[in-house]
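Subject: Handover of a structure

Dear colleague,

Please find below the structure that I am handing over to you.

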Amino acid sequence: GRQSDAALALLGQLGRNERALWLVSGAYTQQTGGRQLWADLSGRNRADSVARINATALAPSIHVEDAQRLYDQITDATFEHHGDGSTRIPTGHPEDGCYMR
């Protein structure tokens with residue numbers, strides 16, 4: 001209804017600020033006894049609006065060659081570690097996960 005549309009308009013003003021959206025969502029859950037904000041707002045004809053507001057800013061798609069070039073640049077990049085000095089950025093982690101990635 002109109003309340004959901006008004007809520008979506010207010011949330012849209014947060015400009016995809018993940019922390020602000022997380023805080024508002026958490027407050028809503030707490031004040032409504034466990035209901036989920038995004039589920040309540042995703043009623044008929046609103047799914048696209050909710051997705052647009054709740055989405056994090058994603059990088060645009062790039063070509064495989066550009067991705068490989070960027071990866072190659074990262075493998076040669078270094079940063080200044082407070083104790084170890086100039087240190088290479090680790091990139092050789094297994095695909096199925098490493099918490100350092």
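Predicted model: local features only at pLDDT ≥ 70, side-chain atom pairs only at ≥ 80, totals over all residues.

Residues are numbered from 1 along each chain as its sequence is written, and side-chain values use heavy atoms, with hydrogens and water left out.

Overall make-up

The protein contains 5 helices and 2 strands; helices (H or I, at least four residues) and strands (E, at least two) are DSSP runs, numbered from the N terminus. Read from the N terminus, the order of the elements is α-α-α-α-α-β-β. Of the 101 residues, 12% are buried, where buried means under 20% relative accessible area, exposed means over 50%, and partly exposed lies in between (1.4 Å probe, protein chains only). The accessible surface is about 8200 Å², and carbon and sulfur atoms account for 53% of that surface; such areas come from the Shrake-Rupley method with a 1.4 Å probe, and for residues only the protein chains shown count as cover. Among contacts (heavy atoms within 4.5 Å) between residues at least 6 apart in sequence, 34% join residues at least 24 apart.

The paired strands

Strand β1 (residues 78–81) and strand β2 (residues 85–88) pair in the antiparallel sense over 4 bridges; two strands pair if DSSP finds at least two bridges between them. The two strands form a hairpin, with 3 residues between them. Opposite Phe 79 stands Thr 87 in β2, and opposite Glu 80 stands Ser 86 in β2.

The largest pocket

The largest pocket has a volume of about 170 Å³. A pocket here is an open set of points on a 1 Å grid over the protein atoms alone, where a 1.4 Å probe fits, with protein on both sides within 12 Å along at least five of seven lines; lining residues have an atom within 4 Å of a point. Grid points are joined across faces, edges and corners, and the volume is the space filled by probe spheres set on the points. The lining includes Gln 3, Ala 7, Val 24, Tyr 28, Leu 37 and Asp 40. Helices α1 (2–12), α2 (18–31) and α3 (37–41) each give two or more residues to this lining, and α1 provides the largest share, 5 residues. By type, the lining divides into 7 nonpolar, 2 polar and 1 charged, where Ala, Val, Leu, Ile, Met, Phe, Trp, Tyr, Cys and Pro count as nonpolar, Asp, Glu, Lys and Arg as charged, and the others, Gly among them, as polar.

Three buried residues

Ser 25 belongs to helix α2 and is buried, with a relative accessible area of 12%. Not counting residues up to four places away in sequence, Ser 25 touches Leu 37 and Trp 38.

Trp 38 lies in helix α3 and counts as buried because its relative accessible area is 16%. The C-alpha atoms of Trp 38 and Tyr 28, 10 residues apart along the chain, are separated by 9.8 Å.

Leu 21, in helix α2, is also buried, at a relative accessible area of 6%. Between the C-alpha atoms of Leu 21 and Leu 37, 16 residues apart along the chain, the separation is 10.0 Å.

Yours sincerely
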